[in-house]
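Please keep the sequence and the 3D view at hand while working through the numbered points.

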Amino acid sequence: MADVASLSTSAQALRRHATGPSGPKPRHVLSRRNIFLYGTLIVVALYYLLPLYVMIVTSLKGMPEIRLGNIFSPPMEITFEPWVKAWASACTGLNCDGLSRGFWNSVRITVPSVLLSIAIASVNGYALANWRFKGADTFFIILIVGAFIPYQVMIYPIVIILREIGIYGTLTGLVIVHSIFGMPILTLLFRNYFTSMPEELFRAARVDGAGFWGIYLRIMLPMSLPIFVVAIILQVTGIWNDFLFGVVYTRPDTYPMTVQLNNIVNSVQGVKEYNVNMAATILTGLVPLIVYFISGKLFVRGIAAGAVKG
Amino acid sequence: MSNSERPSKLFRNLNAKVASIPMVLTALVVFVGGTAWTVLYSFTNSKLLPRLNFVGLDQYHRLWSTSRWLVSIENLLIYGAISLVFSLVIGFLLAALLDQKIRFEDTFRTIFLYPFALSFIVTGLVWQWLLNPDFGVQRVVRDLGWTSFSFDPLYNSSIVIYGISIAALWQGTGLIMCLMLAGLRGIDEDIWKAARVDGIPAWKTYLFIVIPMMRPVFITTLVIIAAGIVKVYDLVVAQTSGGPGIASEVPAKYVYDYMFFAQNLGQGFAASTMMLLSVVIVIVPWAYLEFGGKKRG
């Protein structure tokens, strides 16, 4: 419906400019074109879905069946044992309490990191959009350019800083690191959003005597909830999926889920249990996948807003 | 907080300045300070602990005569070329297909983009399993009758980097598709109509009208892909751990291993400085055009 409406309005617009034949061109339903179009899309879609399917199927098989059969065949006997083992008793080094430890570590890392980084970046973006001060843009440019500096360059100085403060190896340290490295993209996101809001709104609030924090809390914050949701999606997936910072700034007992997963699957000792490995892999991917499937269009919007400037 | 020459001015915008302290600290201490620190210490012979004992370009000489570093650079170039070309081409083609006013567009887009929600670790481990020669694709095809079929990129040092690229493309093309789709949607409908009225075939319209119009989108996408290429680390760690041997090493892994395992900080700093250098060459002109030029307008 919306499609037809937009077509006819732009057709009207065209009519005003063009002198040629007017009105929308009738669209032929060329079946060969459609077969090619949908055929290609379906084949590509199957290719994209294949790894997910194989992951799920493998995690539901027993090891004897995996050794015999083919990775694409559905399980003959469904077993949830690999899932239980991956969650509760898979071993990394001396710890044999499964991925659950990593899961809770990741929760304890992700929640404060998301809150802190968004709080900092939103206020920051607001200051940059509405309360410019001398030199602010210089810092902002440094921040954005800094987003492209390979993390490897800054890893070690941060280790030293955290060690000096005494929080190297703790979850607090990692939370701070995530807040630092989330800042460029989030600040850009919020700055662009606040800049696009009508200037009159801000002026009116100032005339009424509202200050920096008043305008932020009572006007900007309630009016920009969608962008906060976008930022939350961006950060939850980003921080949950992080590996490098986790491996550098935490110790084995505080490892996030991704690091622990890698240690479980790529451990050299013992017999490889592919079904447990795949169950563990799905478990680790589950949180961002759920976020992705629930958020749908907002996820896409976050990407587009973060990447292509509006 | 350095502009204290005029107190009234400092006071007027105090809240905004206080709110910007985290940004200023991050920008100055971590981004500028940290980078400068690493570059400075790359000229020292620091081993287990950073020491200011300058040895000139020694670390760089050592770096460029280490075969593992040379392999890493070669891998990065191959991986980079593949990512750049294929993710741009596939991403654009998928976006163009989705832009044909098709049904179930949301479903297709959701499917193409979901790998992007997964971490590189998860991606790497799934593809490690799929490409496992004893159980994965090779075994399946052999069971179908082609007993001599061979496809084991992760165990063959001459093609291992392609195996990693396959996984990277699976994970990342959805993002490029989304960016391209946003770009295509930004093209005025009238342009398409005008081209159709003039009888220009669709592929020509894409090639000569739409793509040139999407130049800013392409540049942004290019920068995003390029930045991602240099950072590639977790994917390799998960999929091959750099193996077989050193065949799939990448610079980021070289840095990490020398800093935290080999206890040869100087080498790690020199290698990370080389990574920085490669990014600077790409980013600085772009950032200048993007953010420096706009204010004057």
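**Notes on the predicted model**

1. B:F104 has 14 C-beta neighbours inside 10 Å and therefore counts as partly exposed, since that class lies between the cut-offs of 12 or fewer for exposed and 20 or more for buried. The model in which this residue sits is a predicted one. B:F104 is located in the loop between α5 (67-98) and α6 of chain B. Its phi is positive, at about 55 degrees, although the residue is not a glycine. Such a value deserves a remark because most residues other than glycine have a negative phi.

2. Because 13 other C-beta atoms lie within 10 Å, B:Q263 is partly exposed.

3. B:G243 and B:P244 are joined by a cis peptide bond, with omega about -5 degrees. By contrast, most peptide bonds are trans. B:P244 belongs to the loop between α13 (234-239) and α14 (251-260) of chain B.

4. Chain B as a whole contains 15 helices and zero strands. Its radius of gyration is 24 Å, whereas a compact globule of 297 residues would have one near 19 Å. Taken along the principal axes, the C-alpha atoms of chain B fill a box of roughly 65 × 60 × 30 Å. Of the 297 residues in the chain, 43% are buried. Among contacts in chain B with a separation of 6 or more, 66% join residues 24 or more positions apart.

5. Two packed helices are described by the angle between their axes and the distance between the axes. For α2(A) and helix α6 (residues 105-117) of chain B, the axes come within 9 Å and cross at roughly 35 degrees. The crossing is left-handed. A:L41, A:A45, A:Y48 and A:L49 of α2(A) meet B:F108, B:I111, B:F112 and B:P115 of α6(B). The residues of this contact comprise eight nonpolar, no polar and no charged.

6. A:N70 is found in the loop between α3 (63-68) and α4 (81-88) of chain A. With 15 C-beta neighbours inside 10 Å, A:N70 is classed as partly exposed. Leaving aside neighbours within four places in sequence, A:N70 is in contact with B:R139, B:V140 and B:D143. A:T58 is 12 residues away from A:N70 in sequence, and their C-alpha atoms are 9.6 Å apart.

7. An unreviewed UniProt entry places the feature "domain: ABC transmembrane type-1" at residues 103-295 of chain A. In the model, this span is 80% helix and 0% strand. The entry also gives the feature "transmembrane region" for several spans of chain A, including 139-159 and 215-240. Residues 139-159 are 81% helix, with end C-alpha atoms 23 Å apart. Residues 215-240 are 96% helix, with end C-alpha atoms 32 Å apart.

Definitions and conventions. Residues are numbered from 1 along each chain as its sequence is written. Chains are lettered from A and ligands numbered from 1 in the order in which they are written. This is a predicted model: local features need pLDDT of at least 70, side-chain atom pairs count only at pLDDT 80 or more; totals for chains, interfaces and linings use all residues. Axes are lines fitted to C-alpha atoms, for helices over the stretch in contact, and angles run from 0 to 180 degrees between N-to-C directions. Helices (H or I, at least four residues) and strands (E, at least two) are DSSP runs, numbered from the N terminus. A crossing is left-handed if the near helix is turned anticlockwise from the far one by less than a right angle, and right-handed if clockwise. Two residues are in contact if their C-beta atoms, placed from the backbone, lie within 7 Å. Ala, Val, Leu, Ile, Met, Phe, Trp, Tyr, Cys and Pro count as nonpolar, Asp, Glu, Lys and Arg as charged, and the others, Gly among them, as polar. UniProt positions are given in the numbering used here, feature names are shortened, and annotations may be inferred rather than shown by experiment. The radius of gyration is taken over C-alpha atoms; the globule rule is 2.2 Å times the number of residues to the power 0.38.
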